[in-house]
Each structure stands twice: as structure tokens, then as C-alpha cells.
Amino acid sequence: MGDVRWVLAVDHGTSTTTGAVADVDPDDGWTRVSTVSVDGATELPSVVLSRTDGAVLAGRPALEAAHAEPQAAVLRARDYLGAATGGRDDALLATWPRPTTAVNVATALVARVLQAEAGRRGSAPTVLALVHPPSWTDPTTGRAALTAAGRSALRAVEGAGDTEVALVPAPVAAAVRLGGSGPVVVVDLGGGGTEIAVVDRSEGAHGTTAARLRPGTRTVEVGAESLDDALTQMVLDRARPALADRIRFSADPEAHRAWFWLRRGVHDAKARLGTDGFVDIAVPVLPPENPGPGTVRITHADLGPLFAPALEQVGAATVDLLDASGGERPPLLVRGGIAALPGVRDWLAARTGCGLAGVEDPGAGSSTGLVCGAAAWAADRASLGR
Ligand SMILES: Nc1ncnc2c1ncn2[C@@H]1O[C@H](COP(=O)(O)OP(=O)(O)OP(=O)(O)O)[C@@H](O)[C@H]1O
Ligand SMILES: [Mg+2]
């Protein structure tokens, strides 16, 4: 134990954080990549919660504790990391029970993934690769903050003094996972927003794919979290007016808890809208406005008017980017949480005139495909197995 070199990649996203590891199979010398499980799952909710006893929870336990204490939880912090520097002037996202910046949140989530894997292996990784959105082009904000978070997280494990923190743009990681050569356009419909970028792939050493991000990317404010907000408002519109008013306008802790619980219900139900066509969302019991349990139905047809204009913005931005970079129509890799909604990939392919990439390899566009690509990228960087 402890003498085998390995690398770790972490994708700290707005909604979810994922990790993947790469090492060398001693039997055949090939690099192998696998996902990291934390709390029995490969996806951690990007939630951090500080308890009054000093404990800092990250991931699933933080989300569970947040149902009782939503005011102590920090969610969607990745949005703020892009503007942070990792210095003393970074904005506080929470002040109670302890001051918390976006770097603190990223540190806690990266550290959870790191500790889980380092604990299993009894050693520290050679490289810690952290994924960032392609729009983070300024090295002094966003990228600096993420690097600072990576370094702090490494302090949580023994023997990580020599570990290199390396940053990889998300579309590069996605392209490495996809493999092949030539250009690919990556559309990442994430929790916080949509990022569109063209990546040039070439054959790297030892049969791996090398990928280079073309300058000039596009960002569109279309993401799963704002879709959750809109759907939650739709449920409140259909609930008892007195209940909706209390949840929307009252500052009391019960109303805040009810809002948190309702919004989580919408978040978890959203995937079933695509598969079942409708979902019945449980409305919180909140006396006196809502004394007993009840549900509100939302259907796939409700999603159309909310989501169609958003998807059109993504399609138009992709066409705009491709026209600006020479008018070619490379293969299109559509990934990110909302890419799983039925019809999204085909619609974008038709709108842009691009063929879909990764059709025979659904893993390339899956929720952990990107972070697996980042781990393969880091293995190449560390010359694992050579
Ligand atoms: N099958 C599905 N249908 C609809 N939405 C889904 C589905 N699966 C996941 N999502 C949503 O996708 C979101 C997570 O997407 P993703 O993991 O791409 O975001 P992220 O990487 O955390 O965010 P970002 O990259 O913007 O920082 C969640 O809000 C989740 O509700
Ligand atoms: Mg993401």
C-alpha cells in the first residue's frame, strides 16, 4: 500500500461534484480510470453546511442537514468562485456560524473526494486535477481561487506536500474522454449555466487523445438550477394562495424550511418529468396556511414554454460560435444534467446542423464522463505508466 502512483480529478460543479481516479493496472500496464464514490454515490451534491459545534459537512450529509437548517447551508457557490481570487477580499457567502467564501466551499467538497480516495489507498495523489469552465480565462480570478481551494484541500491528507494542483478546462476533459481526433463542439448544459466551446483533438502519445481548447467560447444563462427555480414558482402558482404568499414573502424559519423542502422536491422530481411525462410534487405542510399534505401536478407540457426559449438561446449561441470559428460543423457533444431531458440532444443537433458525437458511447456524455476524462488527462500529465 502507498507505493503506487495515482492521480485524482475533481469536477466541482454548481449542483454536483464528481471525482475520478487514474492509476496503472500492474497486470497489463494500461492506465485505468474509475469514478470515486463518496457516501456510496459517484455524485455529491455541491452543498456545504457549517454546524454550530464547529463541524463542516460537505456533500450528502450537508444536504440532509440543510433540510432542518437551510439557513446554515451554502449552495450554488461555484457561481461565486468564478469571481473569487482566493485572497482575503473574497465575498462571504455565509457569516453564520462561520464566515464562508466560495473557496471554503470548494475546499470542503474537493477535500471530501480527496479524503475518500486517499483514505482507501493510504497515499496521496501525484496530481490533483481540478476542472474549470472554459469561460474562466483570467488566471487571477476563478482559476486562482480553484487552485487555492485545491491546495487547502491537500492539507487535509497526509503526504500530499509534493502533489501538483493542475487545472483543466471542462471541454478539454470531455474531449479526452470522447477520444478520436479533429474538432468537436462541446455544449455543457450544467446546473449554473451553459458553456459552449470548440476543442481540437489530436492523437497524443501512447494512444491517448490530446485536446486543445480554441479561444472564444460562449456562455448562456441556461442551467438546471434556474429551471428548478422556475418550476418551483410554477408549483407555488398552483398551490393555495395563502401558502404561496407565506413561502414567498415571509422571513420566518418555518417558511424558509418549507421553501427549501419544496425546491428540493422539484429538483429531485425533474428527471421523472422526462421519463414519466408528469410528476406530483408534495406541497409542504405549513399550518395555518396549509394544515395537511397535498400535491401539485406538473407535466412535461409545462416544461415546453419554460425550456424551449432557453434551448433556442443555446442553439443560437452554438451556431454563432461555429460561424465565428470558420463555419465548420464538427461533431456535437451535448453533456450536463439537463442534456438528459428527452429530445434535447437531437434538437440541438438539428438546430446547429452538427452530427451528434458519442452516440455509441453514452459514457462520454454521462454525468461522470467529464471527470473521467480529466483523470485520464492528469494521468498523461503525470506520465503514469511510462
Ligand atoms: N435526467 C435529468 N433530467 C433533468 N435534469 C437533470 C437530470 N439529471 C440531472 N439533472 C439536473 O442537472 C443538474 C446537474 O447538472 P450538472 O451535473 O451538469 O451540473 P454541474 O456540473 O453541477 O453545474 P455547472 O457545470 O453548471 O457548474 C442538477 O440540477 C440536476 O437536477
Ligand atoms: Mg458541470
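Predicted model: local features only at pLDDT ≥ 70, side-chain atom pairs only at ≥ 80, totals over all residues.
Local features need pLDDT of at least 70, side-chain atom pairs count only at pLDDT 80 or more, and totals for chains, interfaces and linings use all residues. Residues are numbered from 1 along each chain as its sequence is written.

**Exercise 1.** Describe how helix 3 packs on helix 4.

Solution. Start with the segments: helix 3 spans residues 102–121 and helix 4 spans residues 143–154. Helices are DSSP runs (H or I, at least four residues), and strands are runs of E (at least two), numbered from the N terminus. Next, take the geometry. The angle is about 45 degrees, and the axes lie 8 Å apart. Helix 3 is therefore oblique to helix 4 (under 35 degrees is roughly parallel, over 145 roughly antiparallel, 65 to 115 roughly perpendicular, the rest oblique).

**Exercise 2.** Which way do the residues of strand 18 point, and are they buried or exposed?

Solution. Strand 18 covers residues 332–335. L332 and V334 point one way; L333 and R335 point the other way. All are buried (20 or more other C-beta atoms within 10 Å of a residue's own; exposed means 12 or fewer, partly exposed in between). Now find the neighbour. Strand 12 (residues 182–189) runs parallel to strand 18, joined by four bridges. One pairing is V186 with L333.

**Exercise 3.** Where does E221 lie, and why is E221 classed as exposed?

Solution. E221 sits in the loop between strand 15 (218–220) and helix 6 (224–238). E221 is exposed because it has 10 other C-beta atoms within 10 Å. G192 is 29 residues from E221 in sequence, but 7.6 Å away, C-alpha to C-alpha.

How values were computed
Chains lettered and ligands numbered in written order. Axes fitted to C-alpha atoms, helices over the stretch in contact; angles between N-to-C directions. Pairing = 2+ DSSP bridges.
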